[in-house]
Amino acid sequence: MRVLAEGTSAYLKVDPDGFRAHVRDHKQRALTPKLMSAREAVARFVADGDYFVYDCNYFQRGPSTLLREVIRQQKKDLWVCGKFTYVDVGLLVGAGCVSQVDCGFFWPGATIDKAIADGRVKAYEYSNIVMTLRLQAGAMGLPFLPVRSFGGTDGFEHSGAKLVEDPFTRQPITLVPALNPDVAIIHVQQADRYGNARVFGTGIAHQESAMASKKVIISAEEIVDTEEIRRDPGRTSIPYYAVDAVVHAPFGAWPGNCAGYYGSDTMVVVETFAAIARDAVGEYVAKYVTPFADDAEMFDKLIGQDRLDKLRAAETITEGYRA
Amino acid sequence: MSIDLGLKQAAGTRAGSFNEREMQICTVARLVEDGKTYWVAGGGGPMYAVLLAIKLYAPNAQYITEDGVIAPEPMLPFEPVMTMVSSRAGYRALAWGTMNTAGNHAQLGLMDYGLLNTLQVDQHGNINSTAIGTYGERSRRFGGPGGADSIAALCWRTVLMTDQEKRKFVERVDFISSPGFLDGSQGARERAGLPPDTGPYRVVTPWAMYDYTPDRKLRLVARSPWVTVDQILEQCEYPPVVAGEVGLLDGPTEEELHILRTELDPRGQNTAERSAWVVFDGETYTRTEG
């Protein structure tokens, strides 16, 4: 296949056979209980230097409790899949957890600007959908996927993509490298203790991220009985054998929303944006993360049940979200 | 208006006072074609424009968003920034998917129009949302293309919303985050692997509307009544082609503004942002810098 043009940036090594071997050796086929605390899950399954993907974001059914735990445990040198992100990349960069970012979209600001200018963080350029297609390729066990977008952009030049002559149509086509992250963290509405997980509503790439990643941590608003999963299997978004850890995390997407469960905490959303814009992530972390052993303690001491109840009451729409 | 710009006639009383952001949204709303599909960038002007159009001019226009919401009847207004992956934004949709749903449906050719806000746009309709300055050297970092690259690559026609400012309306963007006609040469998009017969269709600013000539050059085709062609050209780093007859855009109607201000954006999150105000006394529009 003739290569017509190629990007010049580093990209995570493409190794579908290595991923298959990992799946063979590490993914549990038996129904094994995987419930554990956020602290244990992040300690066991997020390692310094990992390629790290989260689904949705800190404001929209994202794994916010798990992200705070990653920051609390001061994970280092992560290579972050920065797609469909408002503040997540900024928080992780500001907390010193990140060395590389694949950019689809993140909310910019002084924190990221400085880190990139100082050379502490390297950014590689993609788009949101190119990133979810890279995950799709990884989730299919393939080395790459052809895409009809991305060609001709300057992002292409700063990516791992290649433009080739399609051997079937003889037309130019862009190929993007498959992505098999080391670890995925995903927040869902319901899961059972084995990791059978239900996402209600729209999402970004929860299925692709779960299937493509070597280690998968699910946090769930509710832990449901496996009989409930079996009652309506069509609602299972992610099957148990992709999952390594299940964390019961009520309000696990706070300060974001979790569709059907609670609305966003607007004041804290604004405060989080401001922390990134002012390069004040340290203060933010010192307020919401480090003083507490876990999110349960933070909610108890800092937020209070009344406020959480109000956020729950604000989410009046249930159609499509409740079984 | 003697030249056909494809704009819906906005009936009703002309509003006496409005800002230029509202004008831009109303212009785009009148451009929305009934019975067509729109892939709308999350939040802001594009989403207000398509929602306004569905309420007033194009009841059977449908839209999708990047999180795979197909043809919703959203519960308005949205909470701040919660224009995707939220129960209000996805309310009463016909289908829910994911980001690859949106991308794949556009790649199949199902999306007639893409509707985008842009930070910086050039004469060929290329969009920069990555970095201002020399990338990797002296540049200020922005957020990246998000979904805009796929919208601009895959929808049949792309409508861009941007400000009429020299630094945003440039000869060549500092970084092509999302593709327009690339270098402007014939077949440039196809040579880059993009689907044929796609690309920028209109650019709408608070002051003007542009289309593209058959040889893919930006062309000024209409202006807001309170600015002259010369004033517009002063705010273009690169002079566009000027149509033989530059049409006059109608100001917003009371009805359009009422919907915008009471149903779509009652908190004034987007439509009340800093922009000049315009007063209409029934005969003359007068602009006041905000």
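Across the interface of chain A and chain B, the rule finds 1 salt bridge.

This is a predicted model, where local features need pLDDT of at least 70 and side-chain atom pairs count only at pLDDT 80 or more, while totals for chains, interfaces and linings use all residues. Residues are numbered from 1 along each chain as its sequence is written, chains are lettered from A and ligands numbered from 1 in the order written, and side-chain values use heavy atoms, leaving out hydrogens and water.

**Where the chains meet**
- Chain A puts 55 residues into the contact, and chain B puts in 55 residues (contact means heavy atoms within 4.5 Å).
- Together the two chains bury about 4,200 Å², with 58% of it on carbon and sulfur atoms (buried area is the accessible area, 1.4 Å probe, that two parts lose on being put together, summed over both).
- Ile129(A), Arg148(A) and Thr202(A) supply 17% of the area that chain A buries against chain B, more than any other three residues.

**Chain B by itself**
- With 290 residues, a compact globule would have a radius of gyration near 19 Å, and chain B has 18 Å, which agrees (taken over C-alpha atoms; the rule is 2.2 Å times the number of residues to the power 0.38).
- The C-alpha trace of chain B spans about 50 × 45 × 40 Å along its principal axes.

Definitions and conventions
Salt bridge = Lys/Arg side-chain N within 4 Å of Asp/Glu carboxyl O.
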